Amino acid sequence: MEVLRFYLPFKRFFRQLWTSGSTDKNKALVESLMQCGVIKSPKVAEVMEAIDRGLFVPDGNSPYHDSPMQIGYNATISAPHMHATCLELLENHLKPGMHALDVGSGTGYLTACFAMMLGPNGCVVGVEHIPELVATSTDNITKSGAASLLKHGSLSLHVGDGRLGWPENAPYDAIHVGAAAPEIPQPLIDQLKPGGRLVIPVGKSFQDLKVVDKKIDGSVTIQSKLSVRYVPLTSRAAQLQNY
């Protein structure tokens, strides 16, 4: 749910968006992210092509523009370059059969991408505290390339306070948080598997995308990757205030 824009100066790319169908537009978006070096991994490119972003952005928006979009309830879906960045950072922890947690799963896009990377023997959990968004994300994923994984049960979506994680399916090899926490929630560190990685924006006025790695001995290292601007990770009541 990030709100920092990354501009793609590709006139040919935008001409493609006006003249092609949704599948071609999604592919053109992925190709443009590869051209500017945001996507380096063939696997990340494959998954982002397989999951059509247009299915996860509300009508009336331009889903293939590299910009965050409002999804209602004072929430956003992150810009494609941030989804790509997080997938790149987590790729080695999103191997078939692993466990992943997506906190603030919104309309379900990144959750679906995780499921495609982990496959039917993996476990992907999306946690979102707005029930209407959980219903929307379920519907979106049902129409996407990850539909069979939702039906199979290797992908599940839940209403809950993501700051508490989802202990039922812990520990997780990968945890992603789609909103900025004032500090890293301890339950998420606790639910991270030794050898696992957490990617989370941290801060208030000034935010950094943090990468938290838990070593095999249980110790934790934290790196700052880049400056970002996300909506806050907060309670449902606070998020819906003045909505």
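These questions and answers go through a predicted model.

Me: Why is threonine 85 called buried?
Reply: Buried means under 20% relative accessible area. Threonine 85 has a relative accessible area of 18%, so the word applies.

Me: Where does threonine 85 sit, and what is it in contact with?
Reply: Threonine 85 belongs to helix H4, residues 80-90. Leaving aside neighbours within four places in sequence, its contacts are Val38, Leu209 and Leu226. Valine 44 is 41 residues away along the chain, and its C-alpha atom lies 9.4 Å from that of threonine 85.

Me: What makes the span of helix H6 close to the expected one?
Reply: Helix H6 covers residues 131-142, 12 residues in total. From first C-alpha to last, H6 reaches 17 Å.

Me: Which residues of H6 are buried, and how do you know which side they are on?
Reply: Leu133, Val134, Ser137, Asn140 and Ile141 are buried. They cover an arc of only 125° around the axis, which puts them on the same side of H6. An α-helix has 3.6 residues a turn, so residues three or four places apart point the same way.

Me: What covers the buried residues of H6?
Reply: The cover includes strands S1, S2, S4 and S5, along with helices H5 and H7.

Me: What makes up the lining of the largest pocket?
Reply: The lining has 19 residues, with His129, Ala179, Pro232, Thr234 and Gln239 nearest the centre. It divides into 9 nonpolar, 7 polar and 3 charged residues. Strand S4 and helix H9 each supply at least two. The space in this pocket is about 180 Å³.

How values were computed:
Residues numbered from 1 in each chain as written. Predicted model: local features only at pLDDT ≥ 70, side-chain atom pairs only at ≥ 80, totals over all residues. Heavy atoms only, no water. 1 Å grid on protein atoms, 1.4 Å probe; cavity = no way out; pocket = protein on both sides within 12 Å on 5 of 7 lines; lining within 4 Å. Points joined across faces, edges and corners; volume = space filled by probe spheres on them. Helix = DSSP H or I, 4+ residues; strand = E, 2+ residues; numbered from the N terminus. Nonpolar A, V, L, I, M, F, W, Y, C, P; charged D, E, K, R; others polar. Expected span 1.5 Å × (residues − 1). Buried < 20%, exposed > 50% of the residue type's maximum accessible area, 1.4 Å probe, protein only. Arc of directions from axis to C-beta. Contact = heavy atoms within 4.5 Å.
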